[in-house]
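Work through the exercises below with the sequence and the structure open beside you, and try each task before you read its solution.

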Amino acid sequence: MADADEDAVRGTTVEATQIEVDLSDETQDFRLLNHLNFLTDTSSSSLPRRGEKDFEPNPTEFQADVLSASRQAMHNALAHPRLHNPKNQVIAIYAPEGPPPPPPVPPGQDPGKTSGRGASVSPDACVYVPSPKGQYFKNMGQADRKGVIWLLPEEALYLLERGSLDIRWPTSITGGTVEEGSEEEELSIPMSLQAAYACFIGRGGLTLERFTVFSSLKRIGYAISRAPGWDDSSSVEDSADEDSRNAYTQPVTRGAGLAGILGSIFNWINDPKSTSSTAAGPVIGYGIHRNYSDIYKKLAQIPWHDPTTLPTRNPLSTKPPYRVILHVFKPSTFIKKSALPPPDFRIAVINTREATTIPTLPELSALLESTPLDPPKGEKMDRQMYLRLRHGYRNVILAVVDQGVTSFLRVADVAFGRERLYESVGGSLGPKKAGNFRKKKR
Amino acid sequence: MESTPTLPIPISYVSGRYLLFSIDAVTYLRREHNICGVLIGTLPQIPQQNVFLGLPLELMPEEARVLVDKGVACIVDEAKAHDGMRSLLEEDRRQYLRDLESQGQLATRILADRKDQLREQSLKEIDEKKAKGLAAKAAKAAQAAADAQIAASSAPASTEKDESSSIFAAEDEMSSLSRTTGTSTPAPQQTMGITPTTSYPPLPHPVSSSGQYLPKPKVPLSYPLFAHLHSRGYFLSPGLRFGCQYVAYPGDPLRFHSHFVVVSAEWDQEMDLMDIVNGGRLGTGVKKGFLLGGPQKRRDEVESEADRIETVRTFSIEWAGM
Amino acid sequence: MTTQQTQLPSLEPSALTKLIESASASGNPLAATTIQILHNLQHQHLWTSLEIHDISTDSIASDAPPTLISGIPPHRIYTHPDEQLYMLEKGIAEDDLRPERLFVIPTAQGQTWSLRRMAAAFDSLAAIEESSVSEEAMSTSESVDSEKAKKLDEYYEKKEMAKETKEWGTRRALLAMTNRGMGGEGTVVYYVVQEGEVKPRQN
C-alpha cells in the first residue's frame with residue numbers, strides 16, 4: 001500500500017517530501033492526508049483497471065507485479081475522501097427521534113421558498129436539512145411546514161455515501177455548548193460513513209439488502225419511492241381497500257373450462273346439428289367447417305391462464321419478501337414529490353440467505369396480482385408477438401441480493417392463450433390485427 | 001512497507017450484517033487472508049455507476065467467522081459502539097473537530113496547489129518562462145506541506161492525545177508557511193468539510209476499549225466447505241451470479257478467473273441427480289468445474305463447527321463431452 | 001419403459017429390452033440401469049473390454065450402486081490441463097498413448113443420491129483399482145521410433161509420479177445417468193467426477 005501511495009505521489013508537486021513519510025505507522029488521519037493528493041489527479045484516482053485475467057496463479061514476478069498494481073489501484077480508489085466544498089456544502093442533522101420537532105429554521109432562511117408546505121413527513125425520516133439546496137432534493141426528501149427537508153434513512157445514507165451531504169450528529173447526543181454568534185453546525189461533529197450505516201441501517205425497515213438495491217438504482221439515475229408494502233408488518237387490515245383480502249385466488253382460466261364444456265353440451269342439446277357437439281362425437285363436432293379458425297377454436301379444449309381477468313390484489317395482502325417495496329421511476333419520468341406518477345417499475349427485494357428457494361407459485365401469483373394490469377401496448381408490441389409475450393400483462397422485478405451481489409429478475413405474467421397462432425396463418429408472426437389489445441389499455 | 005492494522009480487526013455488525021469500513025483492514029484481509037468480501041458502497045469520485053463500488057465492504061458470515069476463528073478479527077456491535085458518541089469528553093470532541101478542520105484546510109490547500117499545477121501545465125506550452133516561475137512556487141509550497149507532514153509523522157502516535165497534538169502542530173506549521181510563501185491562503189470559511197469514513201476517532205478503538213465483542217457469527221450448513229476451500233488458498237465469493245453457493249477463485253479475483261461453482265450438501269442429504277447434471281453443465285458452459293462437497297459429520301455429531309471442517313470431502317464434476 | 005413390455009403387447013420388444021430382461025433376472029432393479037449403460041457404452045460410444053464389477057458385497061459400499069462398469073474408450077475422455085500442457089511440450093499426441101481403462105458409475109434419473117453414495121462409489125473404485133494394477137502396462141505400442149518411445153517412457157514415469165502428487169488430477173470416474181422419467185427414451189449422459197478440487201479444463 002505504501003508503495004502505491006508513493007508511486008502515485010511521484011510526479012506531483014509534493015513528490016520530494018511524501019516519500020519520507022513513514023506510512024507503516026498509519027493512522028486514520030495520515031491516510032486521509034495522503035490520499036488528498038489524488039483529489040484532482042485523474043490519472044491516479046481513476047478506476048482500477050483489471051485488464052485480462054489469468055487462469056491461475058503462477059510464480060512469475062510479472063504476475064505478482066500486475067496483481068499488486070491492481071490492488072494498489074483499488075486501494076487508492078477506495079481511499080478517496082468525501083470532501084465538501086464550502087460553496088456547495090449541504091449540511092444535514094441526524095434526528096434520532098425522527099420528526100416532528102425540528103429546531104426552528106435559522107434566521108436568515110426564507111421559509112416561504114419551499115413548496116409542499118404542510119406535507120406530511122414520514123415518521124421513518126431521521127435526517128433533516130435545514131437549508132436545502134442543490135439538485136438532490138428534487139426527488140428525495142419531504143418538506144415539513146417550515147420548509148425543512150426530511151430525509152428517509154436510505155436517502156440520507158445514499159447522499160452521505162456519494163459525498164453530497166454532510167450529516168452532523170445532533171448536539172443533543174455529542175454535547176457541546178453553542179458559542180456566541182456561531183451557528184450550531186459549526187460545532188457539531190460530522191457523521192462518518194460508518195456511523196451513518198450504524199444509525200440508518202435497521203431503521204424504519206431499512207435492511208442492508210434494501211439499501212443496496214436502492215443505492216444501486218439511484219446511482220444510475222432512477223428516482224425511487226417506498227411502496228405501501230415497505231413495512232413488512234403492514235397488512236390489508238391497515239388499509240381501506242378490503243376487496244382483495246382473500247388469500248391466494250385460484251388462477252382464472254379461460255377457454256373450455258368446466259363451464260365451457262357444460263356450455264357446449266347445452267348448445268348440443270339445443271341444436272344437435274351444430275358443430276359444437278363434443279359430448280358424443282368428434283371433438284370438433286359434425287357439420288361443415290368453412291375455415292380453419294372455426295376448427296381451431298373448437299379444438300381449444302385446454303384451459304389457459306388469462307392474466308387480464310384476474311382481480312387486482314391489494315399489495316398489502318402479499319407475503320414478504322414477495323411483496324413490492326420500492327416504486328422506481330425512470331430518469332425521464334417527471335417527478336412531483338407531492339403527487340407521484342404511477343411507477344415505471346415495481347421491485348421486491350429478496351435476501352438469498354433468508355429465502356433460499358425459488359418462490360412458490362402462490363407467492364409469485366400473489367405478487368403479480370398485486371401489480372396493476374400492464375398489457376403490451378404500442379405499435380411495436382402490436383406487430384411482434386414475441387415482444388408481447390415477453391412483456392406480459394403484469395410484471396414485477398425481483399431484486400435478489402446474495403451478500404452484496406444483486407441480480408434483477410423481471411417476472412411477467414404471460415398470456416400464451418391470447419395469442420391465436422391460427423389467426424396469423426400465412427401472415428408470419430409479424431403484423432396482426434391488434435384491436436382487442438388496444439381495448440384492454442387501462 | 002505493507003501495513004498491518006492492529007489485530008484483531010473489528011468487523012462492524014450492523015443490523016445483522018458484517019461490514020468493514022477501514023481501507024487498511026480491507027486491503028490487509030485481502031492480501032494476507034484471501035478475504036475479498038463484496039464492495040457495496042458508492043465511490044464518491046465516480047458516484048454515477050455500478051461497475052466499481054467502494055466502502056463499505058460486506059462480508060459473508062462465513063468470511064467473518066473464518067477471521068474470528070483465526071483470531072484475526074472480532075465482531076463489534078456498531079450501533080452500540082456509537083452510543084459512545086454520547087459520552088465524548090468535551091476536550092476530545094473539540095480536539096477532533098480541530099483535527100478535521102486542519103485536514104480540511106490541507107485538502108483545500110492541496111486542491112489549490114493542484115489547480116496551480118494544472119494551470120501551470122497548460123501555460124507551459126504557451127509560456128515556458130512563466131511556467132518555470134510557477135513551478136518554483138509550487139515546489140516551495142510542496143516543501144512546506146512536506147515539512148508539516150514529517151513533523152506530524154515523527155511525533156509519537158502512541159496515544160490519541162499525542163497524535164492529535166502533532167497534527168495540530170502540523171497545521172500551525174502549514175499555516176505559517178503559507179503566509180511566508182505568500183500564496184493565496186484559503187480563507188477560513190473556504191475550508192473543505194470532510195465526511196470521515198470511520199468513526200474511530202473520535203470513538204476509542206473498540207479493540208483497545210472494553211473488548212466486549214459479539215459472539216462468533218452464525219453460519220449456514222455450508223460453512224465447513226467454505227472453510228475447507230478457504231484453508232486451501234481459494235478466494236470465495238457469493239455464488240448468486242452462477243446460481244451456486246460460492247464461486248471459488250484460485251487467486252485474487254482482481255486478477256484470476258474462477259475455477260469452481262461450489263455447492264455444499266450434508267453427507268446424507270438426498271440430492272437429485274439432475275442437480276449434478278445442472279451444475280456440471282452450467283460449470284462446463286462457463287469453463288469452470290462444478291464442485292460438490294460437504295462434511296462427513298453432522299452438526300449433532302461434533303462439538304464444534306471446526307470439527308466438521310476436517311471431515312470435508314469434495315468432488316469436481318465436469319461434463320464428459322460424450 | 002423398457003421393462004414394461006407387457007403393457008405394450010402389440011410392439012415387439014427392442015433388442016435392448018430383451019437384453020435387460022434376460023440379464024436382470026436377478027431381480028435387482030438397479031441391474032437394469034447397469035445393463036442399459038453398458039449397452040450404451042458398447043454400441044453408441046464404442047467402448048471395448050467392458051466389465052461389470054460387483055461391489056454390492058463390499059461392506060464399505062453398502063450405500064453405493066451395486067455395480068461399477070469399466071471399459072476402454074476409443075479416445076481419451078479426459079486429460080488434465082497440466083497433463084495436456086506436458087504432452088504439448090513433449091510433442092506427445094493422445095493417439096500415441098496406450099488406451100486406459102476408465103470406470104463408470106451407473107445411475108438412473110430419479111434414483112436417490114447423496115455425497116455418501118458418491119464417496120462410497122469412489123472408495124470401492126479405489127479398492128478395485130488397487131487389486132488390478134498395471135493391467136495395461138504390457139500393451140505398449142511397438143511401432144514407434146526410439147525417440148518417441150523414450151518420450152513416452154518419460155511420460156509414463158511422470159504420470160506415475162503425478163498419481164502420487166495428484167498434479168494431473170485425482171482418482172476419476174464417469175458418472176453415467178440414464179433418464180427414466182418422462183418417457184425414458186434411453187438417453188445416457190456422462191460427467192467426469194474427480195475426488196477433491198481439480199481445476200477445470202479450459203477448452
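This is a predicted model: local features need pLDDT of at least 70, side-chain atom pairs count only at pLDDT 80 or more; totals for chains, interfaces and linings use all residues.

**Exercise 1.** Find which element of chain C gives the most to the side of chain C that touches chain B.

*Solution.* Begin with the contact itself, in which 29 residues of chain C are in contact with 30 residues of chain B. Next, look for the elements of chain C that each supply at least two residues to this side, namely strand 4 (112-113), helix 4 (115-131), strand 5 (172-178) and strand 6 (188-195). Of these, strand 6 of chain C gives the most, with seven residues.

**Exercise 2.** Trace the order of the strands in the open sheet of 10 strands, and explain why one side of each edge strand is left without a neighbour.

*Solution.* The order is 7(B)-8(B)-9(B)-11(B)-12(B)-6(C)-5(C)-3(C)-2(C)-1(C), and the pairing is mixed. At the edges stand strand 7 (235-238) of chain B and strand 1 (48-54) of chain C, and because each has a single partner strand, one side of each has no neighbour in the sheet. Within the sheet, neighbouring strands are turned by 30° against each other on average, direction ignored.

**Exercise 3.** Determine how strand 10 (residues 271-272) of chain B is joined to strand 4 of chain C.

*Solution.* The two strands run antiparallel and are joined by two bridges.

Notes. Residues are numbered from 1 along each chain as its sequence is written. Chains are lettered from A and ligands numbered from 1 in the order in which they are written. Two residues are in contact if their C-beta atoms, placed from the backbone, lie within 7 Å. Helices (H or I, at least four residues) and strands (E, at least two) are DSSP runs, numbered from the N terminus. Two strands pair if DSSP finds at least two bridges between them. Axes are lines fitted to C-alpha atoms, for helices over the stretch in contact, and angles run from 0 to 180 degrees between N-to-C directions.
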